[in-house]
Amino acid sequence: MNSTYEVIIGLEVHVELKTQSKLFCSCSTEFGADPNTHTCPVCLGMPGVLPVLNEAAVACAVKAALALNCTVHPFSKFDRKQYFYPDLPKAYQISQYDEPLAEHGSVPIVIDGAVAKTVAVRRIHMEEDAGKLNHLGQRLGDAKGSMVDLNRAGVPLVEIVSEPDMRSADEARLYLTELRNILSYLDISDLRMEEGSMRCDANVSLRPLDYHGSLEDLPRVEIKNVNSIRNVYRGIEYEIARQAEKMGRGERIVKETRGFDDQNGRTYSQRSKEEANDYRYFPEPDLPPLVLTASYIEEAAQSLPPSSMAIRQELAEAGVTANDAEVIVADRASLVYWRSATAVFADKRQVTNWMLSDVSRLLNAYGDTFWTARVGPQALADLLALIERGTLSGRMAKEVLDRMYETGGRAEDIVQSMGVSQITDKAAIQTVVQQVVAGNPHVVQDYLSGKDKALGFLVGQVMKQTKGQAKPDMVNAILKDVMADYAKA
Amino acid sequence: MRIYEMTAGDIASKVRRKELSATECMEEIAERIGRVEPFVGAFLHLNLDEAMRQARAIDNLPSGERERLPLAGVPVAVKDNMATQTMPTTAASKILEGFVAPYDATVVSRLRHAGAVIVGKTNMDEFAMGSSTEHSAYQLTRNPWDQDRVPGGSSGGSAAAVAAQMVPVALGSDTGGSIRQPASYCGVTGFKPTYGRVSRYGLIAFASSLDQIGPLARNVDDASLIYEVIAGYDPLDASSLRVEKALPKATDVSWANVRIGVPKQYGSSGLDAGVQARLAEVISRLESQGASVVEVSLPHTEYAIAAYYLVAPAEASSNLSRFDGVRYGYRAPGADLLEMYENTRAQGFGEEVKRRILLGTHALSAGYYDAYYLKAQKIRTLIRQDFEQAFAAVDVILTPTTPDLAFRFGEKSQDPLQMYLSDVYTVTANLAGIPAISTPAGLAGGLPVGMQWLGPIMGEESLLHIARGFEKLWPSEGWPALGGDA
């Protein structure tokens, strides 16, 4: 990087909507079925069939638009985007061209819990997904054949187009992360980039500092088919370096589409966009315009869950650190878990700590999520209550949690069966302390003469005799009392 | 009276009352088709065995069920651009040779549920593009009134089948006149309802914003009967209207209360002298009944043909893109994907279809869209407004259906522009979405002349009522003799 140019990044994100049926027919949208089993004459593009708009998809798209602070238009329309390809049965995609569902939104870029920058969202429109080609060779050009699977053809999508407002790969990463956060609370999509239910194309260009023309006119490289947020970041980093090097050599940047190879972290040329495709858009005559009443839009707005910034606020007020809050904000399941657990256990920081350390460790080990956690919020709260009451030490509680996760048992039952309950009986601890003090006069002398480390040895002796069940802070306090008496004596 | 001469309404009422069996009817229809069809060539596919089975099934119904069927035992022919599960649906194109749809068009299933018997699929201009049925990839259809002449198009097979008394009624589709023009050439009644009245689900799209299915029949009552069965909201067609359909009153027309408009722009050059004479006679007969016939102005008519031949090919170029050889229909091999596409479409489509795909593709291209497609859509709005203003002053507008009479084979097919211009009176109804019906008005030089009646949007009730009233004023010329008819 040097200071002769500015990085310009805009992102186009496709999100598959989690509706029961496809956008224009009643076929299932379920992922992973046998090829071409979720198809019908409509999504196969047979002669004479007609699209009928799925209203559930409209409801999802409107929610997404409102959550991204867009203005939802009461009037929008569908258009045909035309090109020939075997994964596109009608040879046109029904999309929205010049009158999209919504425009003028924004996504915050959040650093340390605060909004560092706001990226403008240009537009959100609805469209149908294409099918999938499984090539029998490396590329369609030299493949021996291609298998067409149209299960995905017609699955509803929203395309979310940002303004070219991002200035680094890191900002792009944070934009995508926050976009996913926001959409995740709406429960309208699986948002799985690895399965393609969320897809990102990144447009990257470098603006020479002495260039003051339109950003649209800069030669732009579009990186397509990137399957994770991390790889979007890597692809952009690579592309910035590649273009900077070319510019440094005085070479022209070519407008093109590039793929990303996650093995070597590089982008590679797919096709030149020098000759723009002519998609011959025109209004879809088979569908009436999409007209939404003000009350429909208002009701959708009222039904939205709290925003990601409101959730951060809620977590901050509960004493959750900004770093921990980001982890919770990024995982709707953990937020739901956190809310349930803190509803039944007052020390919210303690809940957060346990969730993000030991519960998370177990979720990873068992391949679970906070949705499927085998120790639920109430069970965790019960365990934490035992610590609070002094029945368990923190260290013991970890062991109990492990057993709870393994067996599905209740905390108290496991404490009983393991016999690990903490000794909090002052008299009992005092007896052991007196024995240890009596048996180690030299160490006691060391302590009394100022060697603080000697206290640790004595505590260790007490814990050893009580098999670790004595409550440590009580042992400490009682030891100090007993030795103070001993010194006086 | 022979069964094949009976109206659909008579057949249905006799079958309902068991005065006639559907089987007996179908047997005579099959015999009639066998005798006459070789002279006409109206059908691309006949399935008489299946038709006989359907007829027997209707006869075997409990009488309570049969009595509820509005088309009990009525033989119907269906244009070959409407999907049928029991017969191929090719739209008279090589690219769909042998294609059998896994679904019935909504109109077809409504006919079946009403007790109709589908006898076959009728010939047409390929993908409904043409005015003579000469653009079929498969065969010529001859006009029953003069076998050297075309039946009109694109629903030429349906019109010829009805005129030749092979079926009492048939379905056609009308994008720019494709029901009314062949009805006029063949001397039958052809009715295009308001856009959205009849579901387009299963109709192979030509121009989606213009296409509308309607009946061809030997009288207005039969056309109304079929219309009643096929019209109505269909959840499978987002452009179908959610409004109640109303049927014409059975009363006589009191002509003194009818205001008839005749567009001054329609009397222009190119109007056949015979047709013009018929129009004058029609007007004077209506006036003698007390109707008021006034001139109306439809000033944007002169742009109608130009607008139509931009909108229709533009939509067609998109609608016909799906015929790519990938999933169904004809496929020509190629060295790679692009070559397969090119070979398939080059070999699968006929000349007229390719001409319109090219026209439409050009009209939608970047840099031309505003000048062509968008401007044509604006003209549509102006034409619709012309009609709205005209219908403020008159109940119905009367024009000849076509400026000419059925022409000889080959006479116009070499000159596409001449062919396009013969749609001048019919395309405005599609551009404006209004209902229109063509009714026979005698012969000129032995060839049928048709009069077109145009009504306001959703004005079917009054339009059909007036058309039926006119039918009573103008006795039928009878039907052409064919295949040894006496």
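A residue is taken as buried if 20 or more other C-beta atoms, placed from the backbone, lie within 10 Å of its own. By this criterion, buried residues make up 40% of the 489 residues in chain A. The structure is a predicted model, in which local features need pLDDT of at least 70 and side-chain atom pairs count only at pLDDT 80 or more, whereas totals for chains, interfaces and linings use all residues. Residues are numbered from 1 along each chain as its sequence is written, and chains are lettered from A in the order in which they are written.

Chain A has 15 helices and 16 strands, assigned as DSSP runs (helices H or I, at least four residues; strands E, at least two) and numbered from the N terminus. Its radius of gyration, taken over C-alpha atoms, is 30 Å, well over the 23 Å that the globule rule gives for 489 residues, so chain A is more spread out than a compact globule; the rule is 2.2 Å times the number of residues to the power 0.38.

Within chain A, helix H7 (residues 332–344) has 13 residues and reaches 19 Å from its first C-alpha to its last, close to the 18 Å expected at 1.5 Å a residue, the expected span being 1.5 Å times one less than the number of residues. The buried residues of H7(A), among them A:Leu335, A:Tyr337 and A:Trp338, pack against helices H2 (169–184), H5 (308–317), H6 (322–329), H8 (348–366) and H9 (377–389) of chain A, where contact requires C-beta atoms, placed from the backbone, to lie within 7 Å.

Terms used. Buried ≥ 20, exposed ≤ 12 C-beta atoms within 10 Å, placed from the backbone. Contact = placed C-beta atoms within 7 Å.
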